[in-house]
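Walk through this model with me, one region at a time. Keep the chain in view as you read.

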Amino acid sequence: MAFDIDMIKAVYGRYESRIAAARNAVGKPLTLTEKILYAHLWDGEAKEAYGRGKSYVDFAPDRVAMQDATAQMALLQFMQAGRPQVAVPSTVHCDHLIQAKVGASSDLAVATDQNKEVYDFLASVSNKYGIGFWKPGAGIIHQVVLENYAFPGGMMIGTDSHTPNAGGLGMIAIGVGGADACDVMAGLPWELKFPKLIGVKLTGKLSGWTAAKDVILKVAGILTVKGGTGAIVEYFGEGARSLSATGKGTICNMGAEIGATTSIFGYDEKSEAYLRGTDRADIADLANSIKDHLTGDSEVYENPEQYFDQVIEINLSELEPHINGPFTPDLAWPISKFAAAVKENGWPEKLEVGLIGSCTNSSYEDISRAASLAQQAVDKNLVAKSEYTVTPGSEQVRYTVERDGFLDTFDKIGGVVLANACGPCIGQWARHGAEKKEKNSIITSFNRNFAKRADGNPNTHSFVASPEIVTAMAISGSLLFNPLTDTLTNEKGEQVKLDEPQGLELPIKGFAVEDAGYQAPAEDGSQVQVLVSPTSDRLQLLEPFKAWEGTDLTGLKLLIKAKGKCTTDHISMAGPWLKYRGHLDNISNNMLIGAINYFNDSADNVKNQLTGEYGPVPATQRAYKAAGINTIVVGDENYGEGSSREHAAMEPRHLGVRVILVKSFARIHETNLKKQGMLALTFDNPADYDLIKEDDTFDIVGLTEFAPDKQLTVVLHHDGTEDRIQVNHTYNAQQIEWFKAGGALNIIRKNQSQQA
């Protein structure tokens, strides 16, 4: 039986009346996205139609999911809220802190020892506040959620940017910062600007080498890394219904790479089969009773251009396998053109490592199809020329694929099975030789391939493809290999060709597991103690940020003018820094160390205007803070792209940065900045970015009349001259109160104390 079945029954019980009210308010047929959003309004049944991309709306999510790296800060914030228990079902998943080095058993043992303090904290705080706890080794948050918690028509927020993975089971699942999670766990509404809608019509059916992964790789090439910003992507059509639930999850997962708020598929026979296959027949039965509400209205799909803001059509029967990269997930290459691109661009042709798995592609189907190729290599006397690793998505998947012999098959070609954790996908990869920073190529079935992300080496050219293509490439050892057309020379000197991969969506004998890794919380956690040592370098209780002074901000120094792509990896690196995710002051020593300084094209090297000397960004900012001087960070397009990590917002706030001024923001990061009481501003004229000089001082004028849709003025004080420029913001009335209070959490704490 499913977790939280009574909650799901309650959600479905109000669906019919809420959708009827929404249809009446909107006055036209509804997309699936609209049905779920309007069914989860905080105020109940819809009384008005909301403007896409305009209206801020309060929602009531059904549940919250947190991974261990972000859960630390989210729960440290929740502890300040004053509640005895979380208001909605919530879970913590220990998947980010396990470093891949040797293999699953050894790496898990090391992580359990090294992270004991953090795991004990997360287990105890979960036990106290009624939160489900998934132990280290249980699996990656998104696969575990898909197997246990996702349900059609539900709404979930999660403290990880790939939370949309649950859209594969028809759930609106959105990645957020820990402060948003704190709000929902504290029983408050969750605010979101009502999204625009992008419809993707899938026709035909996948066959041969093409996989679900290729759908999102194709879409990423069409929309780019910010083409989905402010929008939910809804997939529909006969092609959508032909995809497995986990294949749909892959597509939704990587929708984060186009900046989409989330992505979703409707409930269908594949969804039902997956629910029943994962021991949730009770949810399948409930969903069947309201299945007309768990997909868009037929009129919408018959004439999608009338109901979506943008429509894309992809014929799965004609879709080629794709390989995207390097250095960005939206540089899309059909495999027929990839080898030529490798040669033309001078990318390293030799493939060093192929890595499959991660939260994006770690299902039974993915692993079984990859294993079919590994078995072919064995049968055809081929030896894998590249290193090869496999990351199962959950203990349930790992146990089942081991039972069915797939892990033995991988072992025969030299494959190394890593722990059921994120590992190399998030930089938790102790890759031997990466410190040499040699130019090399790797290919993964992961979702992100930013420079330095996997192994810390800026010269690692990382490419993204399906597990099938990754496996074939690893067998060949070359980026020039096209398994659809090319042959390989085996150990006997014969020319052999790999046949199309074969696999199963669900195991014939069903899933199996001995210990899934779940720990239920205490029924009464009032006596549970949550201990945080004052001398710990891993955990630190939070101090509230100071409220706004009530005046304009003047005399701000420029900390850094960031050039080009500045993701949350550049602002707050992962990898070895993950161990400090629960200690704000310590992790702040990585603030913006990956950002490129516009004035010298260097990372972690900025001018201290007090001394005239150049030094690391965090040390320079600490010098400004010690002198009582506020600062500003200037950035380029899509600033804060990537992970949901709110540390990228909390670190600047903690160290005294007051304003982030950029050409444009990635959605989650902009919200995180607002939640922490920061000023997130954008140039009215993007060309004004070029006016910023290294020794500038800034005034932010108009804050005493700070209001929605009202521009602010920034005065740039150069050496003897000045420029006045107009800047924009997206703060609504409530968010302006967050700024004035010094952060949203200060308001939560105040309200809770008044109710006590």
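Helix 24 (667-675) gives the most to the lining of the largest pocket, with 5 residues. Helices (H or I, at least four residues) and strands (E, at least two) are DSSP runs, numbered from the N terminus. The model is predicted: local features need pLDDT of at least 70, side-chain atom pairs count only at pLDDT 80 or more, and totals for chains, interfaces and linings use all residues. Residues are numbered from 1 along each chain as its sequence is written, and side-chain values use heavy atoms, leaving out hydrogens and water.

The volume of this largest pocket is about 960 Å³. Its lining holds 38 residues, and closest to the centre are Tyr-56, Lys-193, Glu-670, Lys-674 and Thr-730. A pocket here is an open set of points on a 1 Å grid over the protein atoms alone, where a 1.4 Å probe fits, with protein on both sides within 12 Å along at least five of seven lines; lining residues have an atom within 4 Å of a point. Grid points are joined across faces, edges and corners, and the volume is the space filled by probe spheres set on the points. Helix 8 (178-185), strand 7 (190-193), helix 25 (733-741) and helix 26 (744-755) are among the elements that each supply at least two lining residues. By class, the lining has 13 nonpolar, 14 polar and 11 charged residues. Ala, Val, Leu, Ile, Met, Phe, Trp, Tyr, Cys and Pro count as nonpolar, Asp, Glu, Lys and Arg as charged, and the others, Gly among them, as polar.

Strands pair if DSSP finds at least two bridges between them. Strand 22 (residues 553-561) and strand 25 (residues 631-634) are parallel, over 4 bridges. Ile-560 has Val-633 of strand 25 as its bridge partner.

Finish at Leu-578, in the loop between helix 20 (568-571) and helix 21 (584-587). Leu-578 counts as buried because its relative accessibility is 1%. Beyond residues up to four places away in sequence, Leu-578 touches Ala-69, His-96, Leu-97, Ile-426 and Gln-428, with contact meaning heavy atoms within 4.5 Å.

How values were computed:
Buried means under 20% relative accessible area, exposed over 50%, partly exposed in between (1.4 Å probe, protein chains only).
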